[in-house]
Amino acid sequence: MREHLKHYIGGRWVESEGGERHEVINPATEEPVTAITLGTAADVDKAVAAAREAYESFSQTSVEDRLALLQRIADEYKARMGDMAKAISEEMGAPISFAGAAQAPAGLGHFLATAKALKDFAFEEQIGKATVLHEPIGVVGLITPWNWPVNQINAKVAPCIAAGNTMVLKPSEECPSNAVILAEIMEAAGVPAGVFNLVQGDGPTVGAAIAGHENIDMVSFTGSTRAGIAVAQAAAPTVKRVHQELGGKAPNLVLEGAKLDEVLPPTLQGVLANSGQSCIAPTRLLVHESQKEEAEQFAKAMFAQTKVGSPDEQGMHIGPVVNKTQYDKIQELIESGIEQGATLLEGGPGLPEGVNRGYYVRPTVFADVTPDMRLFREETFGPVATITSYASSEEAVRLANDTAYGLSATISGDPEAARPVAAKLRAGLVTVNSWGPDSGAPFGGYKQSGNGREFGAYGLRDFMEVKTLVGA
């Protein structure tokens, strides 16, 4: 079992002030795989002080210096890609093939995309007699989840560095080793001491301390809407900027007459990839009533053919979900679908056949799901798809938008016909015949899916302050 019992503060690995040991469970074996120390408010105070001291000089560095630093970080990251993939696979259950091909490279992509955005970014613009300046915002607190761990860490770390900010990171205690590797990458790349600080810990202690800290100028949070509300409430007394990417319940609106065998594989794959643990997974399949049976048969066959297997084996299978809490929540939602009258087409409750340990979920498809059912409304975060039929294009859009969330939406069908439909969907990301974002384009949600944007130039702008200069 690996041990990461120190925090990275002020360019050094330091002992916690009063923290407790926490063991991370491998979701495939249900055995401990990593131990960390859950930090304290005192640890956060030390990290914030280090970040505040480093800000004075780092905020004054040139764009050229920060571009060179981002490139050095990217080079060091490439050398540690295999370590990153292995840690993610063992701690949150992503199959090693998927971790190596998608999880770890996604983290690299943010450094490359942010460097490109920084190179072209206009830090000054003239509006009438005024000069508008974009400046570093200060010390930023980063709180990140476990599902795409280093991807979501680097979506924040990269623009912080590019903007000239300093930071304190609290990664998820369910998947902490990728953040430790990132700290080692930062050190090897020559990131100045105090610019990047890492405090391991849980949300109620370290997360709350970051959100409410009077010397943190901005908090950027990715996670559930419930936790995001708590972060915003903790941040309110200090009136700091709160930047959030929260939950989702994405529709997959299949246009009438679409060739299902062509358009459904790449979009339904978004429900299966990462064992369904993606906030943009297009889980709510909306199909025209004339294609209801065809869609049901296709989804049933695709999910039935999806293999579930060990994360340490190469292949295109899916692994377990991250922990018992998530497993139990998914099982409860599957049971609710049965109880509320949905038609179970494939999968269902319990472990897959031949599996006797681990938090594995059977790839599951429900038909005849209506808006009053929990499966239609609640974020499942597992390999579970629902099918709902519509009679008209107006009803399809209404069903797609009938959610408290608005992070993403998917359209399956003719791209030309999808364009006017996309304009009616209340979501920050709309994908056509695909489900993933673009690391250079803005990413963020409408409604209860958050506020602010990450990725590329929009993400860089959101990690900066705006000053108007008149008369100089």
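Which side chain meets Glu346 in a salt bridge? The answer is Lys300, at 3.5 Å from N to O. A salt bridge here is a side-chain nitrogen of Lys or Arg within 4 Å of a carboxyl oxygen of Asp or Glu, and a search of the whole structure turns up 21 of them.

This is a predicted model, where local features need pLDDT of at least 70, side-chain atom pairs count only at pLDDT 80 or more, and totals for chains, interfaces and linings use all residues. Residues are numbered from 1 along each chain as its sequence is written, and side-chain values use heavy atoms, with hydrogens and water left out.

**Glu346 and Lys300**
- The two salt-bridge partners, Glu346 and Lys300, meet at 3.5 Å (N to O).
- Glu346 sits in strand β15 (residues 343-346) and Lys300 in helix α10 (residues 292-304), so the pair ties together parts 46 residues apart in sequence. Helices (H or I, at least four residues) and strands (E, at least two) are DSSP runs, numbered from the N terminus.
- Lys300 is partly exposed, at 36% relative accessible area; buried means under 20%, exposed over 50%, and partly exposed in between (1.4 Å probe, protein chains only).

**Around strand β1**
- Glu91 pairs up with Arg2, their closest N and O atoms being 3.3 Å apart.
- Glu91 belongs to helix α3 (residues 81-92) and Arg2 to strand β1 (residues 2-4), so this bridge ties together parts 89 residues apart in sequence.
- Glu91 is buried at 0% relative accessibility, while Arg2 is partly exposed at 23%.
- Arg2, Lys86, Glu90 and Glu91 are joined in a network of salt bridges.
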